[in-house]
Each structure stands twice: as structure tokens, then as C-alpha cells.
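My entries are kept in the order in which I went through them.

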2 protein chains.
Amino acid sequence: MLRSFFSLFCACSLVLGSARAAESPDDVRARQIVNAPSYKAAVAAFERDYERFVDELIRLTEIPAPPFKEQLRAEAYAKLLREVGLEQVEIDAEGNALGLWRGTGGGPLLAVAAHLDTVFPEGTDVRVKRQGTRLLAPGVGDDTRGLAFLLAAIRAMRAAKVTTTSDILFVGNVGEEGPGDLRGVRYLFGQSPWRDRIKRFITVDGRSNDLITNGALGSKRYRVTFKGPGGHSWGAFGQASPAFALGNAIAKLSKVVVPKQPKVSYNVGVISGGTSVNSIPFEVAMEVDMRSTSREELAKIDAQFLKLVEEAVVEENAARLTTFGKISADVKLIGERPSGVTPPESPVLRQVAATMKTFEKVPVWETSSTDANIPISLGIPAFAMASQSANRSGRAHSLDEWTDVEKTTAVKDFGLALALILSVADMP
Amino acid sequence: MLRSFFSLFCACSLVLGSARAAESPDDVRARQIVNAPSYKAAVAAFERDYERFVDELIRLTEIPAPPFKEQLRAEAYAKLLREVGLEQVEIDAEGNALGLWRGTGGGPLLAVAAHLDTVFPEGTDVRVKRQGTRLLAPGVGDDTRGLAFLLAAIRAMRAAKVTTTSDILFVGNVGEEGPGDLRGVRYLFGQSPWRDRIKRFITVDGRSNDLITNGALGSKRYRVTFKGPGGHSWGAFGQASPAFALGNAIAKLSKVVVPKQPKVSYNVGVISGGTSVNSIPFEVAMEVDMRSTSREELAKIDAQFLKLVEEAVVEENAARLTTFGKISADVKLIGERPSGVTPPESPVLRQVAATMKTFEKVPVWETSSTDANIPISLGIPAFAMASQSANRSGRAHSLDEWTDVEKTTAVKDFGLALALILSVADMP
């Protein structure tokens, strides 16, 4: 089946080639990579070793890894990174499991990551169920499939004696999901001994290999708690209420006009507070998420938000009595992700596009919030990509999450993902 | 001690009497009652039997009676009503325990109630602790002390052969607190066989015998749930959000101007909803309480509230996209208590004031939400009173609720409360 796919591919490639203008240097390199005997041997090695990929995916999925509790899975992953032959394998101070693939030298260091954590809390049943070629379990697709893919890729590269000019730092990182706030990759580029050496970054985390996430969606998240003295709804009527301050803040936010391009979003996601219907609350809270692809626009909506919270507090204290105390707002930053973009015209992404073209794909550039946000915001060429094609996984973040490991497609998808990594790692 | 108190009282009464205008017929009747040998004997009987009052208060307090779960306490109370010699003792269809005291005939039927229920949920530790003359336990003051007082009063009246013209229906009623929404007394005046016979009503429930609650504070309570399709905070940005509709409704409510006289109050007591900071909620809710001493004003704020909720929904659906569904509001009435007032000039309250005067007290007329709301709203002379003086109980609705049963004060307070009941029951 692999052969027939490659035959088909080569035929198409020739047809396309003849119909188009002369190949660019990127196209030439891309073709060299996918035609290299060692690359083909690596894909063939994956095909032979396919069952191990599935087994490891199941094994890793069944090790719970809630946010801030990735340790068990990190230890298992570090052990596997050692088994597949990486050097300097360790768990770093933040909890990331990582190890080094030695290149032939002279290329910029590439880090390739997948994240260890899932959104699911402790106690979630993470046992994998099979339905035909589908594996079902919380976290199986997001991002355990990415973790298992990295192991399979390293193993196949070794088996086929693939060489790269660049060293590759393979990382199973912590803290990608919600509350983790990208802490694993933030550490990698912030305090880690590797921080100044990593010149390119790929995270294998996504829903379709048609998409390349080169835009870092910046976000700021707050939990705002409005406080006051509270009181009886009748006896203390006329006294300032945190609920009114909150309502006014939400109303003000709802009226903020933001540009469509670059896109800006804001959301009140969670509200809570109050003790009984007939008590003026002493505390109510809201969780607010703001995002933009533009750093400037994000800073702008952020400032507007902080100002309107302040206004709502001042207005509430002016509108009603404050005999027993004033209303205040406790504004807590609960998430911050930087924005930015790796331009499609950058050398790395031109090479990515050329490599995808050999697979008859045109990259759909996407902006999202991923571990790539951190390097992108630092100006380091970085993106997120998926190791599987569209509709091969679904229901991420839900208890009925699934991923499909049907072999023919899995092998084909492996070929593309490996080629992309090798092209960014300067395979000679 | 009782004697010295009464001596003091009589002396003062004479001084007051000589300094003032001629006594009114109400004053004369009041004096007749408190000077009647049978009344004095009843107070003396209470003093002799004081320990039983304390024991029954403890015993009743330790029978849990959460809202809608008053049955065990109702059964115990019905048994005690039988023991003290009432007739026609039963637990009615709503769960109220009641029994009849026979008068000499010809007077209007008086119902005297205390409520069985407490605010405390199942599982609350209701064991009574003693600290000197203080009894501490959830519910001990509100309103178990009222229940124990009624038993003590009936027993003392029997022991002293007190006669009343009116029959008195003694009631331990269910459903006074929050969610009960006055269901016990609502039944008594709505469906009960007694409903058309009760011409006067007293509930023994309050914090100080200086206060007479003759005003029925009407209230309406709603739980409003704003619903929508929800979505991702970034991907679905621009779609209508239930959180914005809620915020706008709260903001609108906060700007409603209400009269100071008759007083009107409104409150957003509890808010909740949403699943995560980066999801547009599919559901958020608020609980709102509105009150007024005036039926018309309550109807007005009620209508304004319902209108502004509707407006907030319409505006949110107009302000944003509704591609996947519109915002709606599910408005649920969770409480409704009628307003009204028994005028201080009414014969019953003139008699109450005159009786209090013999105890050197001037009634402080109060408006509140009590079981008396129901008869007051029906035009039946009714009020709530306390069976103890100020600062003899505290921390109602909290786990460290207490009541003080120091004997001298308890006997003195008993005397006033009994005199008030007898004056309304047309003691000859």
C-alpha cells in the first residue's frame, strides 16, 4: 500500500511539475528529501514498526497527565527518549522531558516538541477503547499522538540512518493546556540552558496536516473579583453591590468595538458569586479572555478592559452608599500568551510550503494559541503542525476524544510529517 | 425576682398614669388583663415550670427541621400539643402541627403560630451547647424558642385556668424560611379547613419584644437563566453571549430608580455559569430579589425587571451574530410574598400598644417578611412579635446562633408575650 501511494505521488508530482514554472531552490530541496533513499527507508521502517507506534500511543495515553501533574508521563517519556537513542536525556527544572538528536553539525538547532499535558483532571478514566481503527480516550489525540509520533520518527530516522545537518532537541513539554499557560515552552526559551541555542521550533500539535499554525494568537486572561461589605437585600438596600459593579463592567465590555483585521476577541467565560438571593453579595467574580493576532491590538483591548473595570467600581461607589465599605476589584492575571507571526515568506516556511507541495498540499496558514506562541513572540521561526491528516482525530478536550490509526493513512501522514521536520532540520 | 419586677411595674404605672391623660378603653382592658389573678397565676406557673420550658426548647432544637423536611419535628410538636391539652390536634395536609384551645365562645378565632422549619440543611449539627444561661445551636432562637414558648404559654394558661373569649388555634407551621416561601401559613389561609375561620393571627417570631411587625414586606424572587449556543472564545467571537445579556440586564437593573417611601429594594444575590474562561457560556444565571412594603410598588419594580430582562436579550441578539442560535432568558419565579400592613390604628394593634404600655414599652412598628405576610395581605389583622426582649438571642441563620434563657428575664418576657396573646384573644 505504501508503494502504490508513492507511485501515485510520483506520477502526480511529474504532472504538476511539467505544468508549472521552473522549480525554486526550495522545491528542489523538498524533492531531494522525499526522494532520498534514507527518507524512504525511514518511512518504510515506520510501516514495519507501525504496531509499536500504536502500542506506545496507547501506553502513553493511559498515563494521566493533568495540568501541573505531568510528572509520571514525563518520566515514562524520558525513558522512551533514552530507549530510542537520544543523548543528554533529562527532565528539566520545569518538568519537560527532552533529549538530543545529533546532527552532522553546522546547522541551527531545531527543537521539536509535543505536549505531555492533557486538559483532563485527576481521576479521569484514561483507558483506551478501540473501535476498529479508532482509539478512544481523553487526550489520545491532543497531544499524546504527537508524543508517540516523535518517538516513531526518531526510531525510524535511526533505523534508516537518516542524517540532518542540525541537531534536533526532541521535547515532551509540560503546561500547554489552559492553566499551564505554556509554562513548559516558556521555560525552554526563558530559563533553560537551551534557551539561546534553539533557532527553530516545531510543535507537533494540531488537527490536520493541511494546516500550518504560523500565527501566535496572543491572549490575556483575568479573574476579576469584585468585593464589598455585603448585607441584607432589604435592610442594606442602597448600599453598593459587587454584583452591580460586575454587571456594569460586563455591559461596558460588551459594547467595546474591536477591529476585524487584525482580529481581536473578548469573552466573559465564567461568572460566580453570592451567597443567597436575599443577600447583597460580598464577592462576585468573572473570568475574562481577550485575544488578538496583533500585539498592539491585544495591548489596546487589555488597557480598555482594565480601565472599564476601574470605571465600573468607581461608578458603583458613586451610585450607591458605601456606609459599611466600598466596592473594590481584585484583578488577577491568570493567563498571558504573546502574539506574533512567523511570516510565510520566511525561509523556514517557504521550505515547509515546498515540502508540502511534494505531497500535493498547499499550507493553510493558521493563527492559534500553541506552544509555538513563545518562540514566535521572540522572533524565532516556529510553527505548529499536525502529524495526521484532517478528520483523523476529533472531540479534543471532551471525554469521547478519539484518533484514528488506520495504517495506510497513518503511514502516509507519517511521511509528510517526517519530511517537514527533516526539511526544517536541514537534511542534506 | 418576679415579685420585685411587678412591684416596680405597678409603681411606674401609677406615676405614668397620674402624669397622663385619662386612660383609653384599651388601657383599661390592658390593665385588667395584667392585673387579673389568673394572668398572674399563669406567669407564676411558668416561673415554677421554667425548667420544662428550657428542656423542651433543647429537645425541639435537636430535632432537625430543614425546609421541606420538618416532618419529624412536626410529629414531636403535635404530640406535645396533645400533652398540653389542646383539642383537635393534627398534622394538616401541608405538614403544619396544630391544635385548638377552647375559649368561652363568641370571640373571633385567633391563630398563634411559631414556625417549625430552620434554614439549616440536613446533616447540620443541631446539638445544643450551654454557656451559662446561653443555649447555642442552629435554629435555637429562630424559631424553636417560639415553639417552646407556645407550649409553655398553653401549659401556664391551663394551670392558671385562664379563660379567653376567643378560641385559639395554636400552630407549629412549616415553610417560613427562604425556599419554603411561607407555604405553611399560605396553606392555612388558602386550602386549610380553618382558612375562613381565622380572624386574627400572631406569629411568635422575632428578635425583640420592643418590635411589632405589622408590615408585610412583599417580595418577588426570580432565577433568570440566559441561554445560548455557546462556542469558542476566539473561533466563535462575535456570536451572541448569554454573559453579555446577563451583564446588561444587571447594569439596567442597577440604574432603576425606586421610591424611598414606600420603600422598594432590589438585589442580584447570586450569579453563576460558564464552563471555562475561553468558552462563550451556553448558560449563565442570576437570582434576583425585589421587595416593597407597597403592593403597587412591588408590582411596578417587578414589571420593570421583567421588561429589562427582555430588553437585554433583544439587544444582545441585535448586537452580535446569532448564527448558531439566539440568546433566550428563562425567567423562573422562585419566591413570592405578598405585601400589606395591619394599621397601628386598627383595634387589635391599639390593644397591643396599650398592653405593651403596661410593660413600659412603646411598640416599634416594623415591616418585615414573616408568616404574617399572608393574613396581612388578605386584610386579616396580623402581626409578628418576639417572646423575648432585645439582645436575648442572636446570630440567627448562622451556625453559632444562640438564645439566652436567664430565668428572671425569661419570666418577665413570658409575662409580656402572654399578655399580648391574651389581649388579642379577648381575655375577658
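The entries below go from conventions to one chain, then to the pair of chains, and then to single residues.

**Conventions.** I am working with a predicted model, in which local features need pLDDT of at least 70 and side-chain atom pairs count only at pLDDT 80 or more, while totals for chains, interfaces and linings use all residues. Residues are numbered from 1 along each chain as its sequence is written, chains are lettered from A and ligands numbered from 1 in the order in which they are written, and side-chain values use heavy atoms, with hydrogens and water left out.

**Chain A overall.** I looked up the secondary structure of chain A and found 12 helices and 19 strands, taken as DSSP runs numbered from the N terminus (helices H or I, at least four residues; strands E, at least two). Its C-alpha trace spans about 85 × 45 × 40 Å along the principal axes. Of its 428 residues, 59% count as buried, where buried means under 20% relative accessible area, exposed over 50% and partly exposed in between (1.4 Å probe, protein chains only).

**The interface.** How much area is buried between chain B and chain A? I noted about 3600 Å², of which carbon and sulfur atoms give 63%, buried area being the accessible area (1.4 Å probe) that two parts lose on being put together, summed over both. On the side of chain B, B:W234, B:F237 and B:V277 lose the most area to chain A, together 23% of what that side buries. I also noted that 47 residues of chain B are in contact with 47 residues of chain A, contact meaning heavy atoms within 4.5 Å. Because 100% of the interface residues of chain B are also interface residues in chain A, the copies meet through the same surface.

**Salt bridges.** A salt bridge is a side-chain nitrogen of Lys or Arg within 4 Å of a carboxyl oxygen of Asp or Glu. I found 60 of them over all chains, yet the count between chain B and chain A is 0. One of them joins A:D27 and A:K357 at 3.1 Å, N to O. A:D27 lies in helix α2 (residues 25–35) and A:K357 in helix α10 (residues 347–357) of chain A, so this pair ties together parts that are 330 residues apart in sequence. A:D27 is buried at 12% relative accessible area, whereas A:K357 is partly exposed at 32%.

B:R183 is in helix α7 (residues 183–190) and B:E70 in the loop between α4 (50–61) and α5 (71–83), 113 residues apart, and both are buried.

**A buried loop residue.** Where is A:I380 placed? I located A:I380 in the loop between α11 (373–377) and β17 (382–385) of chain A, and with a relative accessible area of 14% it is buried. Leaving aside neighbours within four places in sequence, A:I380 is in contact with A:F189, A:I198, A:K199, A:R200, A:T342 and A:P375.
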